[in-house]
Amino acid sequence: MSDITVYQPDFLYVGGRLIEGRALAVGAGGRVVEASSVPAGASVVRLPGRALLPGLVNGHSHAFQRLIRGRTEYVVSGREADDFWSWREAMYRAAEALGPEDVYVASRQVFVEMALAGITTVGEFHYIHHQQDGTPYADRNALAHAVIRAARDAGLRICLLRVGYARAGYQVAANPRQRRFIDPDVDTFLASAESLAREVRDDAAVSVGLAPHSVRAVTKDWLAAVSKAAGFPVHMHVAEQPKEIEACLAEHGRRPVELLSDLGLLSAGFTAVHGVHLTDEEVAMLGTARATVCACPSTERNLGDGIVPADALVKAGASISLGSDSQALVDLLDEARQLEGHLRLARLRRAVLDPGGGEVSGLAARLLGMATVEGSRSLGLSTGMLEEGALADFFTVDVGHPSLVGAGPSSLLASIVLGADKAAVREVAVAGRLVVREGRHPLAEESGRAFQALARTLYP
């Protein structure tokens, strides 16, 4: 009996195109294998009416923030306006209240939603570490393990980006609402991440990265220590808000990307999350380093952050990945559309990220690459493509879905990436194992009930 499973959709994404009549063969190890024909004894899974594409990679997520969706969309009485900083105070209410099981429940819910949207990998930027009073748990990684358990139960691959947090900000008084985030020193932060990496090393679907939160939240000494740590992808909030840049200039006499460059942090293994407020010189620095910028357009729009200059970054040589961040929306293809759409509004022209060549699917293939292979690379993984030897993470789309009616073979990819409703996602697999079938996740109802109960407890 063969240990190969062959998935047979109507269309398979290969080399930037959707090709008819091709199948995907997956070996026992959950990786794509070469198979010019169906091997004798192979298990065959027929997927009529489907297009099969590489699984989406969510490069930046704060899972627990799913709890505040719809609860911060107003101006507080007595204020003239709302912005990132007032939103942050509302977010702290959830961060302060959650115990380990609550973190699990909130994370599982959003991870199930991600799976249903075709997301197979999440980079979880995890910064709630301690008990409500700031005292470490007996296991310093207890909450990280709760998040990882949620991802595994939902069927997702996860890179736990363990956040380092040292302070409220430069010359800013300690904020008791941040005490669950803060480690006493950089050695404790690094030791916690290294310990977590050892604890999960036998799980092929779990990895660990380092995430110094921002130049606001960590000192220069912390960043210098992180630059010397080997073997981890490094992610960091960079240039999201003008106040961050003002504080960095006041403390260091350098803008954030300039400081990171001075410290040797910029490299192909570094991801700057957001990267909204960049000078031309900083764009060039990120490009020269072949770093990644993780854009989170739904959150950047929701918080009024600004627009990521993705066109300039790509031209300079940087990569762009995508994330759902605050969970205002969980739809990575829509993040791709928003990235392009925001640039159209800013540049006053269409198809800003189109690589050229007059291909109908050129823009769609580039955006899909950002939502897959570029996100995977930023997390240090080998997902995001359906080539021999790659991890067999994928999702399918119902080509007969109302949002895709009328698309022909040449326009189908563009129609999916730029116009498909996420309800068109029907099957989702991680390492070749289906975790969503016919648009249904087996934990959806159970997870929804538990999440509803938690939300009612926090927001009666």
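**Labels and their criteria**

User: Which residues does Asp331 contact, leaving aside its neighbours within four places in sequence?

Analyst: With those neighbours set aside, Asp331 is in contact with Arg337 and Lys422. Contact here means heavy atoms within 4.5 Å. This is a predicted model, in which local features need pLDDT of at least 70 and side-chain atom pairs count only at pLDDT 80 or more, while totals for chains, interfaces and linings use all residues. Residues are numbered from 1 along each chain as its sequence is written, and side-chain values use heavy atoms, with hydrogens and water left out.

User: Why is Asp331 called buried?

Analyst: The relative accessibility of Asp331 is 11%. Buried means under 20% relative accessible area, exposed means over 50%, and partly exposed lies in between (1.4 Å probe, protein chains only). Asp331 therefore counts as buried. Asp331 sits in the loop between β13 (319-322) and α11 (332-347); such elements are DSSP runs numbered from the N terminus, helices being H or I with at least four residues and strands E with at least two.

User: What makes the approach of Arg69 to Gln327 a polar contact?

Analyst: The side chain of Arg69 reaches the backbone oxygen of Gln327 at 2.8 Å. A polar contact is a pair of N or O atoms within 3.5 Å; within protein, one must be able to donate a hydrogen and the other to accept it, and residues adjacent in sequence count only if both atoms are side-chain atoms. Along the chain, Arg69 and Ala328 are 259 residues apart, yet their C-alpha atoms are 5.6 Å apart in space.

User: How do you know whether His274 is buried or exposed?

Analyst: His274 has 1% relative accessibility and counts as buried. This residue belongs to strand β11 (residues 270-274). The side chains of His274 and Glu300 are joined by a polar contact of 2.8 Å. Not counting residues up to four places away in sequence, His274 touches several residues, among them His237, Cys294, Cys296 and Asp325.

User: What makes the pair Glu96 and Arg177 a salt bridge?

Analyst: Their side chains meet at 3.0 Å, N to O. A salt bridge requires a side-chain nitrogen of Lys or Arg within 4 Å of a carboxyl oxygen of Asp or Glu, and the pair therefore qualifies. Glu96 lies in helix α1 and Arg177 in the loop between β8 and α4, so the pair ties together parts that are 81 residues apart in sequence. Side chains of opposite charge can pair when their charged atoms come close.

User: How many salt bridges does a search of the whole structure find?

Analyst: The search finds 20 salt bridges. One of them joins Arg255 and Glu282 at 2.9 Å, N to O. Arg255 is in the loop between α6 (242-252) and α7, Glu282 in helix α8 (residues 280-288), and the two are 27 residues apart. Both Arg255 and Glu282 are buried.

User: Which residues of helix α5 are buried, and what puts them on the same side?

Analyst: In α5 (residues 220-228), the buried residues are Trp222, Leu223 and Val226. They cover an arc of only 95° around the axis, which puts them on the same side of α5; the arc is that of the directions from the helix axis to the C-beta atoms. On the other side of α5, Asp221 and Lys228 are exposed. Their buried counterparts are covered by elements including β8 (157-164), α4 (186-199) and β9 (206-212).

User: How do you know which residues make up domain 1 and domain 2?

Analyst: The domain assignment gives domain 1 (5-54 + 386-444) and domain 2 (56-379), the bounds coming from an automatic or database domain assignment. Their contact takes 32 residues from domain 1 and 28 residues from domain 2.

User: What area is buried between domain 1 and domain 2?

Analyst: About 2,400 Å² is buried, with carbon and sulfur atoms giving 64%. Buried area is the accessible area (1.4 Å probe) that two parts lose on being put together, summed over both. In domain 1, Val417, Leu418 and Lys422 lose the most area to domain 2, together 25% of what that side buries. The count of salt bridges between domain 1 and domain 2 is two.
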